[in-house]
Amino acid sequence: MPYRPPQAHTHRLPRHPDLPPPSGPTGDLRLLRTAYRWQRRVATLTALGYFTLFLLLSAFAPALMNRSVTGGLSSGLLIGLLQLPVTCLALILYERTARRRVDPLAHRLRRIGGRR
């Protein structure tokens, strides 16, 4: 029986259903840029949008911000204290979208680039 060299094991990453089928390196680079842009927008708009809402309420609705929630805690202070959890949520969204949209495309491009 003739000797056959072992075949290289190609690890196939599971495709996410939201990702369109690959259309070559140029198309994949375009998809990667789009996915990364979407990822940045979601995280940035989450954190900055909440902070902008806080600033707008402080400027245009002072009666709402001064309203007491419990004891000495005003609604403005409560909204300000919630800024930290909202920022953490933005970080979690950034990580989640990276794993779902950006990383599979980057792995696919690395695999394609390794063949050349």
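## Exercises on a predicted helix-strand protein

Along the sequence, the protein follows the pattern α-α-β-β-α-α. This is a predicted model, in which local features need pLDDT of at least 70 and side-chain atom pairs count only at pLDDT 80 or more, while totals for chains, interfaces and linings use all residues. Residues are numbered from 1 along each chain as its sequence is written, and side-chain values use heavy atoms, with hydrogens and water left out.

**Exercise 1.** State how many helices and strands the protein has.

*Solution.* Begin with the assignment rule: helices (H or I, at least four residues) and strands (E, at least two) are DSSP runs, numbered from the N terminus. By this rule there are four helices and two strands.

**Exercise 2.** Find the salt bridge in the structure and describe its setting.

*Solution.* Step 1: apply the criterion, a side-chain nitrogen of Lys or Arg within 4 Å of a carboxyl oxygen of Asp or Glu. Step 2: searching the whole structure gives one salt bridge. Step 3: its partners are Glu95 and Arg99, at 3.5 Å, N to O. Step 5: classify exposure (buried is under 20% relative accessible area, exposed over 50%, partly exposed in between; 1.4 Å probe, protein chains only). Glu95, at 41%, is partly exposed, whereas Arg99, at 54%, is exposed.

**Exercise 3.** Decide whether Gln83 is buried or exposed, and list what Gln83 touches.

*Solution.* Step 1: Gln83 is found in helix H4. Step 2: its relative accessible area is 17%, so Gln83 is buried. Step 3: with contact meaning heavy atoms within 4.5 Å, and residues up to four places away in sequence not counted, Gln83 touches Ala47, Tyr50 and Phe51.

**Exercise 4.** Identify the aromatic pair and its geometry.

*Solution.* Step 1: rings of Phe, Tyr and Trp (its six-membered ring) pair if their centres lie within 6.5 Å; planes under 30 degrees apart are stacked, over 60 edge-to-face and the rest tilted. Step 2: the structure holds one such pair. Step 3: the ring centres of Phe51 and Phe54 are 6.4 Å apart and their planes lie at 35°, so the pair is tilted. Step 4: Phe51 and Phe54 are three residues apart in helix H1 (residues 24-60), so about one helical turn separates them. Step 5: Phe51 is partly exposed, at 36% relative accessibility.
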